[in-house]
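Please take the sequence and the model together, and follow the description below from the overall arrangement down to single residues.

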Amino acid sequence: MNEEEAMSAYDGLSDVLRAAGLNWVLEQVEESINLGKTVIRKADASEFIDDQVAGQRRGRRQMQDFVTTQPFSNTERLDLFLDAIERILALPQFSTGVLKILEAESVTFVSERAGDDGHSLLSNAGQQQETARDRFREMRQKAGVTAA
């Protein structure tokens, strides 16, 4: 997948997540993207040393490692996004495991916020969730995008 296709796929998935009411996922991914990826670069340390000390070491270059960031490529951005989606798809599997441990058919979380009806975990939702995860993995393979 080239950079242009990756950008188009990212934009398309962003629209799908917004339509599904999952803006928070997109916001978290974009926050990570805005921070950039951490890289180590070599630079002449004498540029950062006090002038008096530098005068004593005139003529000697001191190459040292410095940590910096650089922007993600479009392919890397898409990969981060797909990883986030995959993690979300794994959450129901985790909740189904918890229900088995509790030996419960369902658990309902009640919100204290007005207008929020809460959320229920159901033990019989596992097969649908596994199917969704499989479809996602197939789409990812067809797109030629693999996890970083």
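How many helices and strands does the protein have? The protein has five helices and four strands, where helices (H or I, at least four residues) and strands (E, at least two) are DSSP runs numbered from the N terminus. Along the sequence these elements follow the pattern α-α-β-α-β-α-β-β-α. This is a predicted model, in which local features need pLDDT of at least 70 and side-chain atom pairs count only at pLDDT 80 or more, while totals for chains, interfaces and linings use all residues. Residues are numbered from 1 along each chain as its sequence is written, and side-chain values use heavy atoms, with hydrogens and water left out.

Of the 148 residues in the protein, 22% are buried; buried means under 20% relative accessible area, exposed over 50%, and partly exposed in between, with a 1.4 Å probe and protein chains only. Among contacts (heavy atoms within 4.5 Å) with a separation of 6 or more, 61% are between residues 24 or more positions apart.

Leaving aside residues up to four places away in sequence, Y10 touches L26, V29, E30, I33, R77, L78 and F81.

Helix α1 has 17 residues and reaches 24 Å from its first C-alpha to its last, close to the 24 Å expected at 1.5 Å a residue, that span being 1.5 Å times one less than the number of residues. In α1, the residues A6, Y10, S14 and L17 are buried, and they cover an arc of only 75° around the axis, which puts them on the same side of α1; the arc is that of the directions from the helix axis to the C-beta atoms. On the other side of α1, E4 and A19 are exposed. After α1 comes G21, whose phi is positive, near 75°.

In α2, the buried residues are V25, L26, V29 and I33, and they fall within an arc of 95° seen down the axis, so they line one face of the helix. The face turned away from this buried side carries the exposed residues E27, Q28, E31, N34 and L35. Just after α2, G36 takes a positive phi of about 80°.
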